[in-house]
Amino acid sequence: MRILVVEDEAELAETIRDGLAREGFTVDLAHDGPDGLWTATESPHGAYDAIVLDIMLPGLSGYEVCRQLRSRQIWTPVLMLTAKDGEYDEADALDLGADDYMTKPFSFVLLIAHLRALIRRGAPERPAVLAAGDLTLDPAQRRVCRGDTQIPVTPREFALLEFLLRNRDRAVTKAAIIENVWDAHFSGDRNIVEVYVGYLRKKIDHPFGRNTIETVRGTGYRIAGNA
């Protein structure tokens with residue numbers, strides 16, 4: 001298994017490489033953002049099984065490297081490393097398409113376990129910007145657009161639209177929507193889903209003559225990929 005480690009602290013990068021090599025991994029190193037991005041996309045070694053990516057890098061931040069990888073439809077699992085410690089840093093990394101997150105200093109045993117878990121999980125598509133036709137949703141920027149027109153939505157509307165887009169082309173039930181957008185223990189009227197679907201349609205569909213959110217009779221709702 002081949003791993004790319006993008007880390008500007010040379011001593012730490014070598015330590016990670018030596019440790020991973022002892023576990024049977026083949027490891028390439030990059031020490032800044034631009035070199036890491038080039039190696040991940042253009043390296044003659046070919047595709048990597050996973051990328052260990054520091055956030056604070058010279059040239060391009062790890063955030064930007066990850067964003068560009070996902071924008072190029074490169075879905076290699078990314079584990080981000082940072083000296084920062086905070087839920088907003090983790091949320092930013094995950095919103096931009098990272099798969100996992102560890103804070104320095106970290107346990108090498110846990111690093112190995114996280115990497116093996118990522119590799120077992122594989123590399124499903126998880127774009128940084130979700131889209132259906134000319135409708136786009138950017139989780140990191142908290143922005144919804146129809147073409148070049150930005151559409152203001154409430155946090156709950158945003159969460160509902162994000163869930164539907166992440167399940168694009170699949171019909172999702174009201175129960176699944178309640179569990180993922182509201183709460184698994186929600187005890188209110190489940191018709192609240194219909195109310196919020198109506199709110200979204202008035203914002204993302206009706207002004208543009210579209211029918212993005214389809215009602216699937218007897219099941220729930222679906223967004224088609226070419227909406």
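Me: Why is Y48 called buried?
Reply: In this predicted model, Y48 has a relative accessibility of 7%. Buried means under 20%, so Y48 counts as buried.

Me: Where does Y48 sit, then?
Reply: Look in the loop between α2 (33–42) and β3 (50–54). Across the chain, Y48 and T76 are 28 residues apart in sequence, and their C-alphas are 6.7 Å apart in space.

Me: What makes the Y48 and D28 pair a polar contact?
Reply: Their side chains come to 2.6 Å, and the cut-off is within 3.5 Å for a pair of N or O atoms. So the pair passes on distance.

Me: Which side chain does D100 make a polar contact with?
Reply: That would be H114, at 2.5 Å. Again, the cut-off is within 3.5 Å. Leaving out residues up to four places away in sequence, D100 touches V78, L79, M80, L94, H114 and L118.

Me: And what makes the span of α6 close to the expected one?
Reply: Helix α6 (residues 155–166) has 12 residues and reaches 16 Å from first C-alpha to last.

Me: Which residues of α6 are buried?
Reply: E157, F158, L160, L161, E162, F163, L164 and L165.

Conventions
Residues numbered from 1 in each chain as written. Predicted model: local features only at pLDDT ≥ 70, side-chain atom pairs only at ≥ 80, totals over all residues. Heavy atoms only, no water. Helix = DSSP H or I, 4+ residues; strand = E, 2+ residues; numbered from the N terminus. Expected span 1.5 Å × (residues − 1). Buried < 20%, exposed > 50% of the residue type's maximum accessible area, 1.4 Å probe, protein only. Polar contact = N/O pair within 3.5 Å; in protein donor to acceptor, adjacent residues only side chain to side chain. Contact = heavy atoms within 4.5 Å.
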